[in-house]
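Please keep the structure in view while reading.

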Amino acid sequence: MKSVTHRYHNPVAIRLGAGTVAQLPEILAGRRAVLVTFPEAEGLGLVARLRTILGDSLVAVEDRIEPNPDVSYLAAMYERFWREHARADVVIAVGGGSAIDTAKALMVGTESGRFDDLIALLATGKPFTPARVKALIAVPTTAGTGSEVTPWATIWDKAAGKKHSLHLPQTWPEVAVVDPELMLTLPASVTVQSALDALSHALESIWNVNSNPISDTYAIAAAREVIATLPALLKDPRNVELRARMALAALKAGMAFSNTKTALAHSISYEMTLRFGIPHGIACSFTLPMVLGRAVGVDPGRDAVLGAIFDENLEGAPRRLENFLHEVGVQTDFSAYGVDAEESRRMVMNALDGVRGKNFMGVRT
């Protein structure tokens, strides 16, 4: 029998635990940093706290980011960033996936400093070496995106109905600082969306043509933890222990899909977000029971991994997953989002032909 070999690579150093944001000066080691964060960070007192922690190392703050970073506002921000902060050494991204994705877009400099040149490079779909690049420290304030331990960022062009995927060896964060105390004030809606994004990352790394035993280990732990923790967290949102458990689950999910990429549920989600404005965490998770049903029974090895999440009851797993989603307030039918049966079939078939959809190892009809 021919032996099967696997590869796993994740170069991100991780600082995990309550209060770890205070370690940023040690991580910077005298380097100059630009903070990229969400607009509400100022009102929450987070920017002031970071100014105190970072002192003279902090040279600028960029806080005019929006959910799902779009070319409509990124161009001006990008060009100002490279014009005014070219001498900064590090970008510190503090926020959810949109903040970290925005930071990844900013950190990759073109020779001209023009954003259009970056988009042109991404549009080719081919790897390239950035003319200039800055180091990235990722500090998530949500538990779900996993972007703090992956090299990927999504740049949207809503006007054109497109998305661009940024993925370079240089866009891995240098360090992830995961401090659950930064997540205590998250509203319930963001808590749910983030957690379900993590659950999707975990499951999508399993029913994936790029799956491997190392990613599987992270994925099993992450999925079980999200399912066990999220309902309790919604009842006790300021419980730092529960926030820490969810942050670790999201981190593990990120470690899983950092090597496999996502699959069918995410491929469907892109159209749901572009056309219907569905938040990413909901768009990539409401189809999970349907996709799980397509994955079960296709490969005994994948079934064994999925069985470890659902207590070896794969026959009942899609219904159990559906009930869990309903429990946390998420509908699982396309019709609940304004998509009829014919359109949903077209959407699934289109998603299967997408880059991420082709990673799915399950039933394709």
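Two strands count as paired if DSSP finds at least two bridges between them, and helices (H or I, at least four residues) and strands (E, at least two) are DSSP runs, numbered from the N terminus. The model is predicted, so that local features need pLDDT of at least 70 and side-chain atom pairs count only at pLDDT 80 or more, while totals for chains, interfaces and linings use all residues. Residues are numbered from 1 along each chain as its sequence is written, and side-chain values use heavy atoms, with hydrogens and water left out.

Six strands form an open sheet with parallel pairing, in the order S1-S10-S7-S4-S2-S3. Its edge strands, S1 (13–16) and S3 (58–62), each pair on one side only. Four bridges join S1 to the parallel strand S10 (residues 175–178), and Arg15 has Val177 in S10 as its bridge partner.

| Helix | Strands touched | Angle |
|---|---|---|
| H2 (residues 46–54) | S2 (33–37), S3, S4 (90–95) | about 165° with S3 |
| H8 (residues 240–260) | S1, S10 | about 170° with S1 |

Among the elements that each supply at least two residues of the lining of the second largest pocket are helix H5 (115–123) and strand S9 (162–167); a pocket is, on a 1 Å grid over the protein atoms alone, an open set of points where a 1.4 Å probe fits, with protein on both sides within 12 Å along at least five of seven lines, and lining residues have an atom within 4 Å of a point. S9 gives the most to this lining, with six residues.

Note on methods:
Contact = heavy atoms within 4.5 Å. Axes fitted to C-alpha atoms, helices over the stretch in contact; angles between N-to-C directions.
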